[in-house]
Amino acid sequence: MIEQIQDEDLAKADLRKHEQLVSLRRNWEDTYQQIDERFPTGAGGFLAQTPGQIRGQRNTDSTHVTANARFAAALRAITTPEQTEYILPRFLDPELNKLRSVKLWRENAGKRLQAIRHAPHTGFGISAHEDFDQLGRYGTSAVWQEPYPDGSGIFYRTLHLSSVWIDVNFAGLVDTVHRKWMASASDLEEQFGREALSPKMIEALDHHDSDKADAKDFEILHVVCPNTDWDRERLDHRRFPIASRFLVTGEKIYLRRRGYNTMPISVSRHMTSAMEVYGRSPAINQLPNINGLNAMRTTTFRAAHKAVDPALLFNRDMGVTKLVTKPGGLNPGLMGEDGRPMVARMPGGENGLPIALEMIQDERSTIRVEFLEEFYSILTNPNSRMTTVEVYERMAKEGVLVRPYADRYATEKQHVMTQRDLDMALRAMPRQIPDFPPEVKEAGAWPVIDYENPLAAMARAESSGKTLRYVQALPVLADLDPNVRFRVDAEAIAVGLAEETGVPTKYIRSDEDVARLKGEEQAAQSAALDGELLKNIGSATKDFAQAGALQEGM
């Protein structure tokens, strides 16, 4: 496939589109810079600091920093838990999903997809935490997933929002991503190969000064968008539904024109309002409170400093030009003949400290609520005295707090990422997941993805809790009327609770196995009854024989 097809008009169109996206995001830039000033991270970002410089030095309170760290850790744990088998493919046909062969394929495929995703070399765990951390700060975050060039697997990398611009389709979902960065000629040679480089890059590589080849002098724009020339019969970039173009902006030369079968950069947004393209984060929503809290802490620090080390009042200076205020310091001549000190402390702000501290706690509480402190408290502070039913009910209530954000994350990030994982696994040679069962092939079905993570369990907890409450009440009702037992399908409850609580299919016997066991039990019971009947008949026959013998003897 030829990947360096040049098109000057297309290059100009890509640059015009990029300028539109830059203009669209410009109104957010000031807010993002304020966020960068408050969160202590390293180089780059919207303030474009150099390596070694640390942001967040203006903070006098770190509540928002620790709240965002816990926000990222908690949402990472409940959406993509590495220790839980949370990826479960599903088909849209409910009858197809009921087949045991399909159920087993779904579980095996889910396990394989999870193993591929969480392999050590992929960096998924690191990327997922950075992803949620960025969602907590900016409200918009992008993750890039791509196979390694040597075919050793895939990698995940969270892209900083300062290098990413997005646009949405008619349905409001992100379908266009522009990514821009500065690169050196040597880096580009490693990524694209020497034959793809521009003349200026070749010149930099051939220069005797190695620093020239390593200098990040080239601005690269990566355009990922729907392919308007999609034709699956073609053998070039047009055969992909998603276009991918790497443009050297200064020379208007494409290093690579290819495409993807699935979206390689998934973008999620924490929350949006109607007509918003970029998301809003807990940090953005709480920025006035964060700034106000830091101002309060600064004032409180000054008041506390005055209370501990106050200004001094003099009766008369007595020629004093210097005071020793350190512990154990000596200040002769500053006590009057009547024994009273001639210097006293000046009243400061210590009387207002209790009120200030109460206001600070109120502001901290508001910030923590925005970062879902109430939600992840159930993860970190479980109540061991709660019954199983109470735990389910508590989970259902807490799940309400995070459901809107998690639904958007599942739609915009998890679904896109997992569909790409599935597509790459099916296209890999050798195939990385089991082949479809014959029933699936016959139906021509393609799986969607369910996520059996703690969040899904919370969503189902309300139904499970109601069922368990009902079961607990049955003995009381049965005491009033024994016929109540005919109203309850215990077998259906057993199957339903297993599905709602995420019990693996392999732990539940199939309908065929249950029917076989029932048949064996009925056969055993019938055989036992037949044996008992034969025994009784034999005993009766023996009794009759003995009775007849006695009569003959008489």
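Two strands count as a pair if DSSP finds at least two bridges between them. Keep that in mind as you look through these close-ups of a predicted model.

**View 1. Three strands lie side by side in an open sheet, in the order β3-β2-β9.** Their pairing is antiparallel. Which strands sit at the edges? They are β3 (154-159) and β9 (265-269), each of which pairs on one side only. From one strand to the next, the twist averages 20 degrees. For one example, find Val-143, whose bridge partner in β3 is Thr-158.

**View 2. Strand β6 (residues 218-226) pairs with both β5 and β7.** Strand β5 (residues 174-183) runs antiparallel to β6, and seven bridges join them. Is β6 mostly covered or mostly uncovered? It is mostly covered, as seven of its nine residues are buried. As a reminder for both sheet views, strands of a sheet pair through backbone hydrogen bonds, either parallel or antiparallel.

**View 3. The largest nonpolar core brings together 47 residues.** Good places to start are Tyr-32, Leu-75, Ile-166, Val-177, Ile-265 and Tyr-278, the residues with the most contacts inside this core. Which helix gives the core its largest share? That is helix α2 (residues 63-79), which supplies six residues. Zoom in on Leu-75 and look past its neighbours within four places in sequence: Leu-75 is in contact with Phe-132, Leu-372, Phe-375 and Val-402. Apart from this core lies another one, of 24 residues, including Tyr-156, Ala-425, Leu-426 and Ile-449.

**View 4. Gln-414 is a buried residue in helix α13 (residues 388-427).** Why does Gln-414 count as buried? Its relative accessible area is 4%, and buried means under 20%, so Gln-414 falls within that class. What does Gln-414 touch, not counting residues up to four places away in sequence? The list is Thr-79, Thr-80, Tyr-86, Arg-117, Tyr-409, Tyr-451 and Asn-453.

Notes
Residues are numbered from 1 along each chain as its sequence is written. This is a predicted model: local features need pLDDT of at least 70, side-chain atom pairs count only at pLDDT 80 or more; totals for chains, interfaces and linings use all residues. Side-chain values use heavy atoms; hydrogens and water are left out. A nonpolar core is a set of buried Ala, Val, Leu, Ile, Met, Phe, Trp, Tyr and Cys residues joined through side-chain atoms within 4.5 Å. Buried means under 20% relative accessible area, exposed over 50%, partly exposed in between (1.4 Å probe, protein chains only). Helices (H or I, at least four residues) and strands (E, at least two) are DSSP runs, numbered from the N terminus. Contact means heavy atoms within 4.5 Å. Axes are lines fitted to C-alpha atoms, for helices over the stretch in contact, and angles run from 0 to 180 degrees between N-to-C directions.
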